[in-house]
Amino acid sequence: MLLQFKLTSFRGSRPEANNKILRFAQNDNPTTIIRIPKLVLNEVETSKMSISIPDINLRIIAPVLIVAITSILVLVAELFTRAEQKRTLGYLSIVGLIFASFAAFTLWGSNASAFRGMISADNFGLFLTLTILIGAALSVLLAMDFARAQNIEQGEYYVLLLAAVAGMILMATATDLIVIFLGLELLSLPLYILAAFQRNNSYSLEAGVKYFLLGAFSSAFFLYGIALIYGATGTTNLLQISQSLSLSSNSQSLTHSLSSNSLAFIGAGLLLVGFAFKVALVPFHWWTPDVYDGAPTPVTAFMSVAVKAAAFGAFIRVFVFAIPPQAIEWRTILAVIAVLTMTLGNIAALLQSNIKRMLAYSSIAHAGYILIALVVGETATASSLYYILAYTFTNLGAFGAVIALADGERERLKISDFAGVARDHPRVAAALAICLLSLAGFPPFAGFIGKFLIFGSAVENGWTWLAVVGVLNSVVSMYYYARPIVEMYMHDGSADWERGVKIAPLVGIALLIAVIGVIALGIFPSGAIAWAQSAFVR
Amino acid sequence: MNNVISLLLSIPLISALILALIPRQNARAIKLFALFSTFASFALSCSLFASFRATSDLQFVERVAWIPQFGISYYVGVDGLSILLVMLTTFLMIIAIGGSWNAITDRVKEYHILFLLLEAAMIGVFVSLDLFLFYVFWEFTLIPMALLIGIWGHGRRVYAAIKFILFTMFGSTLMLVAILALVFIHRDQTGVLSFALSDITRNPIPPALQPILFAAFALAFAIKVPMFPFHTWLPDAHVEAPTAGSVILAGVLLKMGTYGFIRFAIPLFPSAARDFAPLLIALALIGIIYGAMVSIVQRDIKSLVAFSSVSHLGFVMLGLFTFNAQGMSGGILQMVNHGLSTGALFLLVGMLYERRHTRLIADFGGVAKPMPIFAAFFLLVMFSSVGLPGLNGFVGEFLILVGAYRANALYAALAATGVVLSAIYLLWMYQRAMAGPVTKEENERLRDLSPREIALLVALAVFIVWIGVYPATFLDPIQASVMQLLGGFK
């Protein structure tokens, strides 16, 4: 609080700072650099008086800490685990994730902020935290038997996954651009390795390298965007950025607002590129099909839901709340990107013959749907949160079914491989069908309510044309979501696939949880909607 | 008993769950249980009909908040517009399950589960009084029906199933946007956020905003009916569907479209409905004549019946959009009649197909000789479809023609040609397939109907004759609701 006050007064003391050069000079000014430590010093002095501050801080980042500690525990425990017992590490990870969820639950409604406003455990962040934790726990369940079948059962898998989860939670609860970047990197680096986890599979290696190169590239964009925003506003704190930008947009001095706005405009554009890479928006989506296809299927499942939850969380915080559209009109740009993303994602998905690639393009299309909520703005926050939760259950269910149907080391990846599955595995087929229908937005499944909420907020706020584009895209998407269902139910299986392969019990449990989630969120959505609506941003 | 309708909805749902638990080896137990469940539903809907008062009020209403944040409620009830359709649904379900007793041998369990889910969804469509709830049921009917066509259908079943889904979904998703727009316009006007039909019709939205929303609703319903030129999915779906699927598709699913008009599109947008009426009537008349003419040249009996549906539903649409008491009551009654007659025709074609594995008219000839009972039922059902006085089709078509004449004599004249044409295509088909000497050796030893098949057809014939001889039983409950609907225009 004190820091914030000081900063505003500090800015206020230089009202004449009204052109770009001056502002740059101001930031490079040695006197300013000297001043900042003084401020920090003040802060430290005052914090000595109230000792309880560190406690509160740790409590707020408890979910991150628990996940990170679990990650380290798994790393240590691995040294003492024999090869045939690596599975216990998976259970350990799940226990850690459950504890983290409890920690997140206890924070619900506290609306606390810590580390000088850098991290905030508001309900928005906690909702996403819980979504990420659910996604991670289900992914671990899906991975345990798969890893054994593919001979990649190593403790590092869980270590990396948990590290990524810590980064995701950090990103979703961050209220400062620097912390968002920290979270972004913390989630990305483990995922690069996880994508390439099947070392003897060239596709997996390609996926890892491609993801790494493009991801590093996008991080650079993101970082440069942060720098420019800092240049324009003098802060990396989202709240202060928003104050500063709305101040400058209301400012009488035209030159001032123009110059600092053009800096902020370019900065926002670069941030947008960074986010667009992470959530796979057109035209920054090219990595997605290759990475989703090449990465081990449980990693793909995890990435497709949890990265989206974390990145969209930060995306919403930065664009909807920190950069007011009155200052920079970004809504039109995002609306165009949303249309392109939905349409190209869906059309490209029509042409795929590999189910992982198809789901990759489908995930691009879904990013487009969620983007509609961003365009609509603050009132659609709850809709996007619900959508992300619904999407998490649904997509994990779909990937879970793909994992469940793997025959030892061999996976059913071509859509035609699913022919006749409904006869041999009626339950898994039903689960996959339900998840695909939910992705297509069919009632009474979760995906329908998600789309209903997003299109509803679009129509409510005068973006009806965007909703129309969205629903027409759903019709297109139905065509490719129907294809695996057609194969499973309406075609006869080939002799290539051994019949009566047992479904791994843990995968079965994960699939059951996902399908129950999909149906329950579809039939009784009001509880989750109420949660999402109370998930205001601090 | 003030939650009869919930019970009616839950019987098929719970039965489907129970079926899922029966081991798939017990095919007989599965069939018996499904049949038992449909009987229970029908009995319940009969008791609903018996205690139904012939007023315009909504009856057996239940309303529970569902998604209170958006004013969405589980809001169900029946009135004169829907009571007959609920009965028709539960009745035809017995026919469907009974009719596929021997025809379905593959994946019996899934088949019956899907049918019961479909039954729940169809009943749901007819009893929903909340736009959101209606949309959920409306969309949900697609999944079981498409699977039934795609799994147990013939020849190009997958193509037909996908086409069915995509066509209907295209219309209905636009309707979803229209529903949302309507609800928010209503909220901006009145401050009440509600998806309940009764709340929105109380304060109709301004006439200026009505046309585009009406168009979106009408498109969804017109595709479902199907009206010319949106009918192209129907012949494919019908020809490839299994017999019971065709019975339900023609008997009930198409009625969802016409029902949508009278339950939602017309009361929600009265002024736009008036403005659009000439267009819709024109399309209905084209459908009547075009459907009949295409039927004449069909070589496959099933596609003949399918195209005749386009023609018959044109009659229903014509009746509904005359906006007078005769036309509308006739239209509603004709929905039921078409469900019975065309359902019966599809059943008969299916029986023939089970015996000969062909449906081409040219493959038959003189079938009446080896199968006299079959021929007799065929004749009765055909006359019902043609509109012979004394049978159900006559009452409906007569009322519609009276209504059309009152609206515009030209409408009646054009529609009447459809009646003539229907006599041509049906009687000519009957002559070629059933009458005369047996031309093909394979047809000489065709089995006549089994007791099960006779029982199904007798059940249908009872209603066909009942409505023809004493329509008041079924017309009386309709009247009050129709008058109230028309009152919205005065």
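**Exercise 1. The interface**

How many salt bridges does the rule find across the interface of chain A and chain B? Describe the contact around them as well.

*Solution.* Before we start, note that this is a predicted model, in which local features need pLDDT of at least 70 and side-chain atom pairs count only at pLDDT 80 or more, while totals for chains, interfaces and linings use all residues. Residues are numbered from 1 along each chain as its sequence is written, chains are lettered from A and ligands numbered from 1 in the order in which they are written, and side-chain values use heavy atoms, with hydrogens and water left out.

Step 1. Take the rule: a salt bridge is a side-chain nitrogen of Lys or Arg within 4 Å of a carboxyl oxygen of Asp or Glu. Across the interface of chain A and chain B, it gives 2 salt bridges. One of them pairs B:Asp106 with A:Arg423, with 2.8 Å between the closest N and O atoms.

Step 2. See which elements take part, with helices (H or I, at least four residues) and strands (E, at least two) taken as DSSP runs numbered from the N terminus. On the side of chain A that touches chain B, H21(A) gives the most, with 14 residues.

Step 3. Count the contact, defined by heavy atoms within 4.5 Å: 39 residues come from chain A and 37 residues from chain B.

Step 4. Turn to buried area, the accessible area (1.4 Å probe) that two parts lose on being put together, summed over both. Between chain A and chain B this is about 3,200 Å², and carbon and sulfur atoms give 79% of that area. In chain A, the residues that lose the most area to chain B are A:Phe442, A:Phe452 and A:Met490, together 21% of what that side buries.

**Exercise 2. Aromatic pairs**

*Solution.* Step 1. Rings of Phe, Tyr and Trp (its six-membered ring) pair if their centres lie within 6.5 Å; planes under 30 degrees apart count as stacked, over 60 as edge-to-face and the rest as tilted. Over all chains, this rule counts 55 aromatic pairs.

Step 1. The rings of A:Phe319 and A:Trp330 are 5.6 Å apart, centre to centre, with 85° between the planes, which is edge-to-face. A:Phe319 sits in helix H14 (residues 297-322) of chain A and A:Trp330 in the loop between H14 and helix H15 (331-350), 11 residues apart. Both A:Phe319 and A:Trp330 are buried; on this scale, buried is under 20% relative accessible area, exposed over 50% and partly exposed in between (1.4 Å probe, protein chains only).

Step 2. B:Phe134 and B:Phe221 are also edge-to-face, at 6.3 Å and 65°. B:Phe134 lies in helix H5 (residues 131-140) of chain B and B:Phe221 in helix H9 (residues 210-224) of chain B, so their pair ties together parts 87 residues apart in sequence. B:Phe134 has 1% relative accessibility and therefore counts as buried, and B:Phe221, at 0%, is buried.

Step 3. Ring pairs place both in a cluster whose members include B:Trp138, B:Phe214 and B:Phe276. The charged end of B:Lys224 sits over the ring of B:Trp138, 5.3 Å from its centre, where the rule asks for NZ of Lys or CZ of Arg within 6 Å of the ring centre and within 35 degrees of the ring normal.

**Exercise 3. Salt bridges within the chains**

Which parts of chain A do A:Asp122 and A:Arg317 tie together?

*Solution.* Step 1. The rule counts 24 salt bridges over all chains.

Step 1. A:Asp122 and A:Arg317 meet at 2.9 Å, N to O. A:Asp122 is in the loop between strand E2 (119-121) and helix H7 (123-149) of chain A and A:Arg317 in helix H14 of chain A, so the pair ties together parts 195 residues apart in sequence. A:Asp122 and A:Arg317 are both buried.

Step 2. B:Asp199 and B:Arg63 form a salt bridge with 3.4 Å between the closest N and O atoms. B:Asp199 belongs to helix H8 (residues 197-202) of chain B and B:Arg63 to strand E1 (residues 59-67) of chain B, so this pair ties together parts 136 residues apart in sequence. At 13% relative accessibility B:Asp199 counts as buried, whereas B:Arg63 is partly exposed at 43%.
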